[in-house]
Number of protein chains: 2
Amino acid sequence: MNHKPRIKDIAVKAGVSPTTVSRALSGSGLVAEPTLSQIRDIARLMGYYPNISARNLRTQKTMSVLIVVRDIGNPFYLNIFKGAENAARDAGYSILMANTEDDPKKEADYFDMVSHGHADGMILMTGKMPHQCQIPEDTAQKVLIALEMIDGADFTHVIIDNEAASHKVIEHLVGLGHKKIAHISGPVPEGMSIRRRAGFENAMAKFGLPIPQDYIQRGAFSYQSGEEACRKLLQLDDRPTAIYAANDEMAFGAIRAAKTMGLSIPRDLSIVGFDDIYLADGFVPALTTIHQPCMEIGRCAMNRLLAHLTGENPKIETITIPTEIIIRETTAPPV
Amino acid sequence: MNHKPRIKDIAVKAGVSPTTVSRALSGSGLVAEPTLSQIRDIARLMGYYPNISARNLRTQKTMSVLIVVRDIGNPFYLNIFKGAENAARDAGYSILMANTEDDPKKEADYFDMVSHGHADGMILMTGKMPHQCQIPEDTAQKVLIALEMIDGADFTHVIIDNEAASHKVIEHLVGLGHKKIAHISGPVPEGMSIRRRAGFENAMAKFGLPIPQDYIQRGAFSYQSGEEACRKLLQLDDRPTAIYAANDEMAFGAIRAAKTMGLSIPRDLSIVGFDDIYLADGFVPALTTIHQPCMEIGRCAMNRLLAHLTGENPKIETITIPTEIIIRETTAPPV
DNA sequence: GTGAAAGCGCTAACAG
DNA sequence: CTGTTAGCGCTTTCAC
């Protein structure tokens with residue numbers, strides 16, 4: 001063949017109009033049987049494949065969705081991507097990767113891509129709305145927030161219950177007999193950090209346990225910050241016997257700090273993380289942590305967004321995906 | 001405003017033809033100065049943004065590139081994505097994520113996306129060419145292979161020198177005084193595994209060291225396979241004093257196996273990995289490994305692909321990015 | 001240096 | 001159930 005076949009070529013060959021071909025191929029159910037199969041056969045034979053740009057132009061859609069994260073380099077997102085990619089693919093959508101690196105310019109740019117029709121919608125995981133950008137009309141249907149809450153924003157959210165997860169952690173530790181439990185929080189005032197910390201505080205209160213001064217150290221979700229925070233905790237006069245870190249990286253940092261100070265995990269100190277990132281089970285000792293069902297979150301977020309985009313389900317709501325605590329080797333009864 | 005402004009609206013407002021607006025905005029240099037600035041101002045004022053689909057249809061381009069991996073869930077790719085995303089973004093391109101999961105159907109589908117003009121090109125990191133798909137014309141300019149070699153295929157490759165990296169590992173271990181060095185290889189006959197293993201064998205030969213039977217165990221690049229392989233090695237009558245694993249996951253698995261058997265790392269056994277994945281330095285002990293400059297690889301691959309797509313540099317070649325060994329805590333002289 | 005006209009390939013009205 | 005017509009918004013000849 002000379003050129004890629006267009007719809008017109010098939011029409012000519014089949015002796016019908018382009019419209020009919022279009023209808024036959026799109027499965028609209030508006031073409032009768034002798035013609036239908038014939039057109040499909042010819043299309044297959046000629047290796048026809050619709051021109052996406054033309055279709056997009058005509059339908060004013062792009063069949064693609066932006067997934068916006070703060071840092072593509074963070075492995076936590078991996079399975080979210082995976083779940084989302086899967087769901088998108090099943091629905092014939094593509095995923096565009098967007099990495100903001102906390103750069104307001106990029107945040108705004110990606111948002112603009114949606115308002116300008118470069119993508120049909122977006123899954124936002126940065127935890128904030130960009131400034132200085134054109135908020136698309138009908139934003140509520142085009143933007144879905146995952147993992148983070150954006151308070152006061154009228155979007156569908158797909159999140160986990162951070163407070164409840166914290167509660168599970170404390171319950172586990174208390175169950176082991178711990179009474180002196182410290183917390184390494186994420187950066188405040190980030191919503192996620194606040195919720196995990198609030199869950200910690202509430203759970204401690206519920207179990208009638210005091211939270212001594214300095215038992216809450218603020219980290220930055222980084223390995224180094226966890227290390228440092230743990231060092232501070234271990235230098236306290238009245239050391240904790242267990243530490244609940246608000247994410248796995250900080251938990252790993254804490255483990256290093258503890259080991260460096262000659263402690264044995266979990267004998268001398270129990271440590272719990274949050275996220276269950278890749279290889280959390282490969283660490284020695286394997287990390288006890290909160291497992292977030294990332295694939296599920298990604299899939300759910302994408303499906304929900306697509307339902308909004310197609311108008312199939314315009315209802316704005318907050319969907320909470322359950323988490324579970326995975327008990328591995330970094331927690332044990334206190335000595 | 002009622003609608004998103006189109007090029008025509010600007011033309012009307014500026015009292016020129018759509019053509020002129022198009023030229024002015026595309027920076028073609030074909031519009032004279034009084035008009036030029038005026039058009040640009042009006043466009044900015046009206047919040048004009050070109051319709052991508054229309055442009056794509058007209059220019060027969062999509063300004064997007066597929067990045068195809070075997071498993072999006074593998075953190076190794078993270079910084080490659082990051083580097084590639086960055087480079088693409090700078091050039092005005094978007095990235096479409098493609099996850100094959102070793103499914104031939106998906107491999108073919110993604111390839112077809114390129115032949116069908118859904119994406120302009122692709123960076124292929126799966127290490128194999130799909131069957132049963134339409135190989136796009138002018139493939140050589142549209143497909144770029146990264147990380148893996150596809151022998152006999154006439155594409156630009158962006159790779160690392162796996163053999164040389166293996167050599168660095170052995171050199172390091174020999175420098176520490178090791179003589180009994182074992183290797184946990186990746187799955188054979190995958191090219192990457194073969195090259196790393198060949199590098200191991202050649203380096204050992206070069207240093208005049210024998211490779212006893214069973215000193216090369218075949219793994220599957222997974223944590224579990226590393227654990228198992230290490231166990232086998234440690235059960236040999238004449239145990240190795242050092243193990244070189246073909247990737248970090250297997251190295252971590254090996255560490256667990258060794259610790260489980262009561263060995264202390266690195267005192268009783270040195271272990272080296274490959275890749276320097278996320279948190280390889282967060283492990284206790286921190287992993288000695290080969291660092292692949294992933295961002296650099298991603299950026300280079302993308303830039304090179306774009307140069308091919310634009311015709312700026314059609315030369316097909318193999319680009320080798322240098323690696324370095326990062327010496328951390330899992331290697332020490334043998335006792 | 002600027003404009004008129006054509007058309008990328010497709011699908012959605014609107015008829016019949 | 002099928003065809004005719006129109007047009008999505010842009011860029012690119014070609015003419016002036």
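User: Among contacts in chain A between residues at least 6 apart in sequence, what share joins residues at least 24 apart?

Analyst: The share is 69%. A contact here requires C-beta atoms within 7 Å. Keep in mind that this is a predicted model.

User: What makes chain A more spread out than a compact globule?

Analyst: Compare two numbers. The radius of gyration of chain A is 26 Å, while the globule rule gives 20 Å for 335 residues. The C-alpha trace spans about 90 × 40 × 35 Å along its principal axes. Chain A holds twelve helices and twelve strands.

User: What percentage of the residues of chain A count as buried?

Analyst: Of its 335 residues, 47% do. The cut-off is 20 or more other C-beta atoms within 10 Å.

User: Why is B:D275 called buried?

Analyst: B:D275 has 23 other C-beta atoms within 10 Å.

User: What makes the bond between B:V284 and B:P285 a cis peptide bond, in terms of omega?

Analyst: Omega is about 0° for the bond joining B:V284 and B:P285. B:P285 is in the loop between β9 (270-275) and β10 (288-291) of chain B. Chain A has a cis peptide bond between A:I265 and A:P266, with omega about 5°. A:P266 belongs to the loop between α11 (248-260) and β9 (270-275) of chain A.

User: How do you know that β9(A) pairs with β10 of chain A?

Analyst: Pairing needs at least two bridges. Four bridges join β9(A) to β10 (residues 288-291), and the strands run parallel. Across the pair, A:V272 stands opposite A:T288 in β10(A).

User: What is the strand order of the open sheet in chain A, and which strands are its edges?

Analyst: The order is β7-β6-β8-β9-β10-β12, six strands with mixed pairing. The edges are β7 (216-218) and β12 (324-326), since each pairs on one side only. The twist averages 20° from one strand to the next.

User: Which strands of chain A does helix α8 lie across, and which does α9?

Analyst: Helix α8 (residues 162-176) lies across β6, β8, β9, β10 and β12, running at about 160° to β9(A). Helix α9 (residues 191-206) lies across β6, β7, β8 and β9, at about 170° to β6(A).

User: Which residues come nearest to DNA strand D?

Analyst: Of the 24 residues around DNA strand D, A:V16, A:A32, B:I7, B:N51 and B:A54 come nearest. The elements giving two or more residues to this surface are α2 (18-25) and α4 (52-59) of chain A, with α2 (18-25) and α4 (52-59) of chain B. The largest share is five residues, from α4(B).

Technical notes
Residues are numbered from 1 along each chain as its sequence is written. Chains are lettered from A and ligands numbered from 1 in the order in which they are written. This is a predicted model: local features need pLDDT of at least 70, side-chain atom pairs count only at pLDDT 80 or more; totals for chains, interfaces and linings use all residues. A residue is buried if 20 or more other C-beta atoms lie within 10 Å of its own, exposed if 12 or fewer, and partly exposed in between; C-beta atoms are placed from the backbone. A residue is near a molecule or strand if its C-beta atom, placed from the backbone, lies within 6 Å of it. Axes are lines fitted to C-alpha atoms, for helices over the stretch in contact, and angles run from 0 to 180 degrees between N-to-C directions. Two residues are in contact if their C-beta atoms, placed from the backbone, lie within 7 Å. The radius of gyration is taken over C-alpha atoms; the globule rule is 2.2 Å times the number of residues to the power 0.38.
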